[in-house]
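Subject: Structure handover and what was found

Hello,

Here is the structure we talked about, and my notes follow below it. Please read them with the model open beside you.

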Amino acid sequence: MTTATIRGIAATTTHAPSTLDEAQALLVAAAAAQQTVAFVGGSTELGFGYAPTRVDVLIDTTKLDRVIEYQPADMVVEVEAGVTLAALQAHLAPHGQRLALDAPDPKRATIGGLVSTNAFGPLRARFGSMRDLIVGVSFIRADGARVRGGGKVVKNVAGFDLPKLAVGSLGSLAMIATVTLRLHPLAQAALGVDATLSADDIAKVVRESFRVQLEPAMLVASRQDSGDYRLTAVFEGFDSGAREQRERFLELGRTFDASIRANDDAVAHVAARDYGARCAGDVRVRIAMPPAEFARAERDVVGPLVRAFADVVNDGAEPSQTIAYPSLGIVFVAGTLRHDASADRANIASGRVADAIVAARRAAEVRGGNLVVTHCDDAVVSERVDVYGTLPPSFALMRGLKDRFDPEHRLNPGRFLGKL
Amino acid sequence: MHEREALGVKVSTVPTLEVTALERDLATAVGQRNCITDPSGLSTYECDGLTGTRIRPRAVVLPETTEQVAAAVRVARAHGMAVVPRGAGTGLSGGALPVDGCLLVVLSRMTKILTVDLENRRMRVQPGVINLDVTKMIAPHGYYYAPDPSSQSVCTIGGNIAENSGGAHCLKYGFTVNHVVAATVVLADGSVVEIGANAVDPLGYDLIAAVVGSEGMVGIVTEAVVRILRVPELTRTFFATFPSTDEAGACVSAIVSAGIVPAAVEMIDSLAIEAIVKSTGVDWPLDVGAALLMDVDGTKAEVEHTAAAAVEIARNAGAIEIRTPKDAAERLLMWKGRKGAFAAMGRISPNYYVQDGVIPRSQISKVLREIASAGATQGLRVANVFHAGDGNLHPLVLYDARVPGEAHRAEIVAGEILSICLRAGGSITGEHGVGTDKAKYMGKMFTDDDLESMNFVRCTFDPQRAFNPGKVFPTPRLCGDIPGHFHAHPTELAGTAARG
C-alpha cells in the first residue's frame with residue numbers, strides 16, 4: 001500500500017478498494033459519518049497542493065486497475081482510475097496505439113492521478129494536454145452518487161463538460177472513478193535533433209520552425225550552467241516524413257549552432273532529462289507564460305531563480321535542474337537545498353530561494369502567466385511561498401463549483417487553489 | 001425553408017405600459033438604435049436555424065460593448081425577464097430560440113477583432129465576429145482558425161463557443177473548446193469576469209470548459225481569446241466512390257487502423273450525392289452507393305506518404321473511382337459540395353429533419369443500415385452526409401410537410417435515430433448542441449444524477465437560471481439552496497413539446 005500521509009498529514013484510515021462498488025461504499029460511509037476523504041494513486045504528485053486540513057479516509061486507487069473497454073477500431077479506451085500510464089500503454093501498443101501523453105514516472109503514475117493533477121510530458125507540444133485527450137469521466141461524488149459526463153465517442157457536445165472539469169481538480173470535486181480517453185497511433189519513427197543555444201536563439205529557432213511549417217512532436221530545452229539551453233526537437237510520423245522534417249530542422253538550426261546534430265535516441269534522452277528536472281529536488285516549481293515570453297523569461301524569471309539555488313548550495317551537489325517547453329511557454333525548475341551548513345545558514349539559504357521564487361512569480365504573473373510550487377520539502381520555503389500565487393479573478397466561480405459538488409468540503413479539504 | 005414545418009407559434013402578449021418602462025431602460029442600457037421592441041422587428045428573431053419552433057422575444061437588444069451587454073442583462077433581471085443570447089442564429093438545435101417573455105441579446109454587432117498576436121498564436125475577438133473572418137484576417141500570414149462548422153461563412157465565434165462547434169476538420173484538430181483559451185463573460189447579475197488565460201494551464205478549475213458548450217446557460221461571452229494555427233505545409237484531398245456505405249465505412253476504419261489521422265473524412269451517401277449534384281453542379285457520379293471526401297494534411301513528405309497509403313487502402317476497400325483535385329479551385333469545389341449538402345436537400349425533398357448523433361466509428365455500417373430501416377418503417381427516405389472519421393452522423397430524414405402525418409413520422413424516425421446511436425454507445429449530439437430540440441433525449445443518455453452534476457455547473461454561474469432557461473435539461477431543474485424564478489419552457493406552455 002502507498003503512503004498514508006499527504007504533505008505531513010496522516011490519514012486516519014487507508015483503504016484500497018478493488019472495485020468501484022467498494023469505492024462507492026467508502027464514499028457513502030464517509031458521507032454518513034461526515035468524514036473527510038482524500039485520494040491517492042501512484043503517489044507521484046502528492047507534494048502538489050496545500051496540505052489537507054484533515055484526512056479521515058484515504059482511498060488508494062491503485063487496485064482499481066482494470067481496462068473497462070477498448071475497441072482498437074474506435075481509438076478510445078475506458079479505464080479505471082488506478083490503471084498506470086505504463087500499463088495502459090502496454091495494453092494499447094500491440095494494436096499500434098497509444099495515449100499521446102508522456103507524463104513522468106509512467107510505471108507509478110495512474111490515469112486518475114494524471115487527470116487530477118493535469119500532468120503532461122514533452123508530447124504536449126504536438127498533442128495537447130489531458131483536456132485535449134479526455135472524452136469521458138465517471139465520478140463518485142461526495143454524496144456517494146455515481147455519475148458520468150461526456151461519453152465514449154470523441155465528438156460529443158451533449159451536456160456540460162464534466163470530463164474537463166475533472167482535469168486539474170486535484171480530488172477536490174469528486175473521486176475520479178473511470179476515465180475515457182481518445183488515442184493516437186504509435187509513430188512509426190521518432191527522430192531527434194540536439195543543439196545548444198541561448199534562450200534568445202531558442203525563441204528564434206522555435207519561431208522559425210513554425211514559420212517553415214515543421215510540426216515537432218517535442219521541443220524540450222534543458223538549461224546548462226552557462227545559461228544556454230540544450231534543445232532537443234523530436235519529429236514523429238511515418239519514416240519518410242519524420243526524416244524529412246529532421247533534415248529541414250538540422251538545416252534551419254545550423255545557422256544558430258554549427259554543432260547541431262541528429263540524435264536517434266532523443267526520446268529516451270528527453271524522458272530522462274524531463275524526469276530528472278521534474279521529479280527530483282526539494283523545491284520544484286512550474287512556470288507558465290505566453291510562449292513568446294520565453295527569452296525574456298530566461299532573463300528575469302528563470303535565470304535569477306537558478307542563480308539563487310546555485311548560491312545557496314555548498315556541498316557541490318547540482319543545485320538545480322531546469323527544463324523548458326519553449327513552444328508552450330512552460331518552464332520547470334527543480335532545486336535542492338541539501339547542505340552541510342548550520343541551521344542558521346540553512347534558514348538564510350532557504351530564505352534566499354523563497355525570495356527568488358516570489359520574485360519569479362511576480363515576473364511571471366505580470367506577463368500573464370503563473371508560477372506554481374509543485375513540490376516543497378523545505379519548511380522555510382513552504383512558510384514563505386504560497387503554492388499558487390495570486391488568485392484568479394474568477395475564483396468566486398471556482399469556489400461555487402466546489403460548494404455545489406462538495407457542499408461540506410469533505411473531499412481533499414484545503415488542498416486546492418484558495419485552500420478549497 | 002426546407003426545415004421542419006412550423007410546430008406552433010406562440011407570441012407573447014405584454015401590457016403596453018410595462019413595455020414602455022422596459023423600452024426606456026433598455027435604451028439607456030444599450031442606446032435606442034440597438035433596441036428592437038416592435039412586433040415586426042421582433043419577428044426576425046423568433047427562431048434560429050431550427051425553424052420549426054418560433055417564439056417571439058419580448059425585446060431584442062444588439063449591444064456593441066461588454067458594458068452594454070452587462071447593462072442589458074441588469075435591465076432584464078430588474079424586469080424579471082429571462083435572457084437568451086444569440087449570435088448569427090444559425091444553430092440547428094434551438095439554442096437561440098427565445099423563451100417566452102425574454103430579452104434576446106444579439107451579439108452580431110460586436111464584430112471587432114481586438115488583437116492579433118501571431119507570436120503567441122492568439123487572437124482576441126468579440127463574439128459577433130464571423131468564424132471565417134478570423135481565418136481571413138490571418139490567412140495572409142499563413143495562419144488559420146481550426147474549427148470549421150459548415151456554416152462558417154455566417155456563424156459567429158460567440159455562437160461557436162456556446163455550442164462548442166465542430167466541423168469536418170475537428171477530427172484532427174479538435175473542437176471549439178480546444179481552441180478557446182480565455183474569455184470575458186457577463187454573468188447573470190450583470191457582473192463581468194475574466195476566465196482562462198493567454199498562458200497555458202491557468203490556476204484552478206477549467207472554467208473555459210464550463211463555458212464552451214454551455215449553450216448560453218451560464219453567461220454571455222463578450223470577448224474571447226482563440227488559438228490560431230499555422231497552415232499545414234501541404235493538404236491532399238481525394239474523393240473516392242464506393243458501391244455502398246459498407247465499403248466506404250470499412251475504408252475509413254482501414255485508414256485509421258493504418259495509423260493515419262486524416263484532417264477530415266466525410267461520407268456522403270447516394271441520396272446526398274444526388275442532392276449535391278443537382279444543387280451545386282459538381283460532377284460526382286450518380287450511380288454509386290457512397291463517397292468519401294478526405295483531407296490529409298501536414299508536412300510535405302508525411303502527407304505524400306499518408307495520401308498515397310490512403311489511396312491504396314481505398315482501392316483495396318473496393319473504391320470504384322478515386323479522384324484527386326487538379327488544383328486548389330477544384331478542391332474548394334469539392335468541399336463546397338460537401339458544406340452545401342444540407343441546403344442541397346431541397347432538390348430532392350421539400351422538407352428534412354437533420355439529426356446529429358454520434359456513434360463509435362467501427363459501427364458505421366451497421367448503424368446506417370438500422371437508420372435506413374427505421375426510415376423505411378415510416379415510409380421515409382434518410383440521406384446521410386457526415387463526419388465519418390469521428391462517427392458524427394448527420395442523417396437527414398426527408399419528408400413532405402404537405403402530406404398529412406409525414407412531419408410527425410419524420411420526428412419519430414429522428415427520435416429512433418438517436419436511440420440507435422445511444423444503443424451503439426454514442427451520443428445524441430456531436431456538434432449541433434442539445435438546445436430545445438434534443439432536451440427530451442438527454443434523459444436517455446444521462447441519469448438524473450448525471451444531469452444534476454451538470455446542473456451544478458450551470459447553477460454555479462447562474463443560480464437564478466436567468467440565462468436560456470428550459471434548454472438542454474429534460475426536466476426543469478432548480479438550483480438547490482438558492483431560489484430563483486422558474487421559467488417554464490415555452491414549448492411546454494404551448495403544449496408542443498413533451499419531456500421524457
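In chain A, the axes of helix α7 (residues 199-211) and helix α10 (residues 294-312) come within 7 Å and cross at roughly 160°, where axes are lines fitted to C-alpha atoms, for helices over the stretch in contact, and angles run from 0 to 180 degrees between N-to-C directions. Helices here are DSSP runs of H or I with at least four residues, strands are runs of E with at least two, and both are numbered from the N terminus. Because angles over 145 degrees count as roughly antiparallel, α7(A) and α10(A) are roughly antiparallel to each other.

In their contact (C-beta atoms, placed from the backbone, within 7 Å), Ala199(A), Asp200(A), Ile202(A) and Ala203(A) of α7(A) meet Phe294(A), Ala295(A) and Glu298(A) of α10(A).

This is a predicted model, in which local features need pLDDT of at least 70 and side-chain atom pairs count only at pLDDT 80 or more, while totals for chains, interfaces and linings use all residues. Residues are numbered from 1 along each chain as its sequence is written, and chains are lettered from A and ligands numbered from 1 in the order in which they are written.

Chain B is divided into domain 1 (8-106), domain 2 (113-230), domain 3 (234-423) and domain 4 (441-493), with bounds that come from an automatic or database domain assignment. The centres of domain 1 and domain 2 of chain B, taken over C-alpha atoms, are separated by 24 Å, and their contact takes 14 residues from domain 1 of chain B and 20 residues from domain 2 of chain B. On the side of domain 1 of chain B that touches domain 2 of chain B, α3 (66-78) and β5 (83-86) of chain B are the elements that give two or more residues, and α3(B) gives the most, with six residues.

Best wishes

Terms used: Parallel < 35°, antiparallel > 145°, perpendicular 65-115°, else oblique. Contact = placed C-beta atoms within 7 Å.
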